[in-house]
Every structure is written in structure tokens, then in C-alpha cells.
Amino acid sequence: MSFEEMDVDTIWMDGEFVDWDEAQTHVLTHSLHYGTGVFEGARCYDTSDGPALFRWDEHLDRLYDSAKVLDHDIDHTREEITDATLSLIREQGFESCYIRPLVYYGYNSLGVSPKDCPSETIVACWPWGAYLGEDAIENGVDVMVSSWRKHASSQIPTNVKATGPYLNSMLAGEEARRNGYVEAIVLNKEGKVAEGPGENIFMVNDGELFTTGVSESILDGITRDTVIDLARDLGYTVNDEASIGRGQLYTADELFFTGTAAEVTPIRSVDDTEIGNGSRGPITEEIQQQFFELVEGNLDGYDEWFLDV
């Protein structure tokens, strides 16, 4: 669905609520040319107690940490950004939505150094359903291992959620879609499994869960962390610093993606090799159901992960 088809009308820009169509920046904005923005993707869920932001504090932590690495000076407190986000959701009447905070170097000069460019901050919200397709949650997705490798943390810090490095994700994802797949899996420079273009990956073998560790050049995802906690609370052993070879993907009992956009999405095949029985596996289904019970507000013990709208 395009933005033109959505009922969205307001964006917050550096302390002001601006009409959606008026939220503009100059074509010589530094971050447009050099990819020097940092951002987050968070969700507001329609829980049993009403709309609530999910793990908002953790998303803000990562936004400010990312900004620090790129020398952004965010001229807004966490409370100001939170209040702006809550106001956007309330005023547009969203019960659930995707939330995009972005910090970027704005217009002033266009050398590679952004030292004379202001750090500007926006927050936008819009309705967004299943990222990888409406039937993906139940039936899973077909993926391919991309020919593009994930950049190493010695080249670009992989713990930073920055705009520029997502060129790597775009190339991998589009390669997969051109070849008839829904999504890609990206290997790191050593040829080990890293993650998806916008998702972390989990493997199930012999009743245990394995997910690639931060040393494998992944973004340490917040949904990844959520699933690790949920799985352990269900009694599963989770190996969260795993090194996974490409060949292990094909012989896995189950595979699934996690991410704010993808949530928990089963993988039914890799490079046309059927995973398990070629459908959502039982452990994936249990964790997936637990995740949706959680974000719908129906699990006790996780109240600290929610901020009421």
C-alpha cells in the first residue's frame, strides 16, 4: 500500500507537527547524499488494554546509541520524542501502526564531513500490516542466499542502525525478488550466515534454537531479543551466539525470521530446498503464537515492555 492510499496526515519535525505533504527537506541535504542518517522502526500494537508502544525504551536506546556513533547531536530529549510519537498516534486515531524516528544531517554544506550540518529529527507513523505478505505468517516464505555479503563491523559498525548501510539490504532483497523469492539471507564476509536484509534469523535443530551472534555482523534486533526471552520462558534452550554455516540452513528442522516489521515469519525453503516439511514448524508456530499473544497484551509478566498510548 502506498502512502497515498493511507490515512496519514501529520509528521513531527524538530518540535513541530507538520502536514504530511509539507514535510520536506532540501535536495542538498547531507544525509540524502551520504547516507548519514540513523533511524528506528518500532510498532504500536492494539492490545487488550488499548494501543501501546512495544519496547519503546529499547528502540530509543538504540536510536541514541546510533546517533552517538555518527556524531549526531539530537536536540530533543527522550521525553520530547516520546510525547511527539504518542501525540501523532492519538491525533491520527491509530490503534496500531509502524513508527519511524529518523535523525539525519540536514542542509548546510556538502563535503563528506557533516560538521557544519545540523542534526534534524523527525517521527512519522503509518498503518503497516505483514511486512513479507499477508500469508507469510502462517505459510512461510521462500528465500535465497544472496550473492551480496553483509558488510563487516570493521568496515561499518553493524550495531548501528544507519541509513547508508541499508544499501546492502536493498541489493540483497531486490536480487531475491528478481529471482522469484520473497526475501534473502545474507552471509557475512567469512561466508557464515548473518541475517536477512531487515530481519534476524533463527534455526531450530533437535528442539533447540540457534540464532547468529552479534560477532557475525548482525544488527542486534529488539524482536530477536524478545523471541530469545520468550523461547527461554517456554523452556527452550536458545544458543544466541551461534555461528551457522550456509549448509546448515538446508538441513535445519525449522527456520524463521524475526524483526519489528517481519515480526515472526517462518522460512519454508532456502534456494529451493524445502526446510523441514516445507511449512511452518511446530516450534516456530509455538513461539510465533506466544509472540502474538504478547503483543496483543494477553501474556502476564511483560508489562514493562509496553507504553500505553
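User: Where is the place of Asp21, and is Asp21 buried or exposed?

Analyst: This is a predicted model, in which local features need pLDDT of at least 70 and side-chain atom pairs count only at pLDDT 80 or more, while totals for chains, interfaces and linings use all residues. Residues are numbered from 1 along each chain as its sequence is written, and side-chain values use heavy atoms, with hydrogens and water left out. Asp21 sits in the loop between β2 (16–19) and α1 (30–34), where helices (H or I, at least four residues) and strands (E, at least two) are DSSP runs numbered from the N terminus. Because its relative accessible area is 62%, and buried means under 20%, exposed over 50% and partly exposed in between (1.4 Å probe, protein chains only), Asp21 is exposed.

User: Is Arg55 buried or exposed, and which residues does Arg55 touch?

Analyst: Arg55 lies in the loop between β5 (50–54) and α2 (56–69). Its relative accessible area is 6%, so Arg55 is buried. With contact taken as heavy atoms within 4.5 Å, and not counting residues up to four places away in sequence, Arg55 touches Ile222, Asp225, Thr226 and Trp305.

User: How far apart in space are Ser66 and Glu175?

Analyst: Ser66 is placed in helix α2, and it is buried because its relative accessible area is 1%. Leaving aside neighbours within four places in sequence, Ser66 is in contact with Val38, Asn159, Val160 and Lys161. Ser66 and Glu175 are 109 residues apart in sequence, and their C-alpha to C-alpha separation in space is 28 Å.
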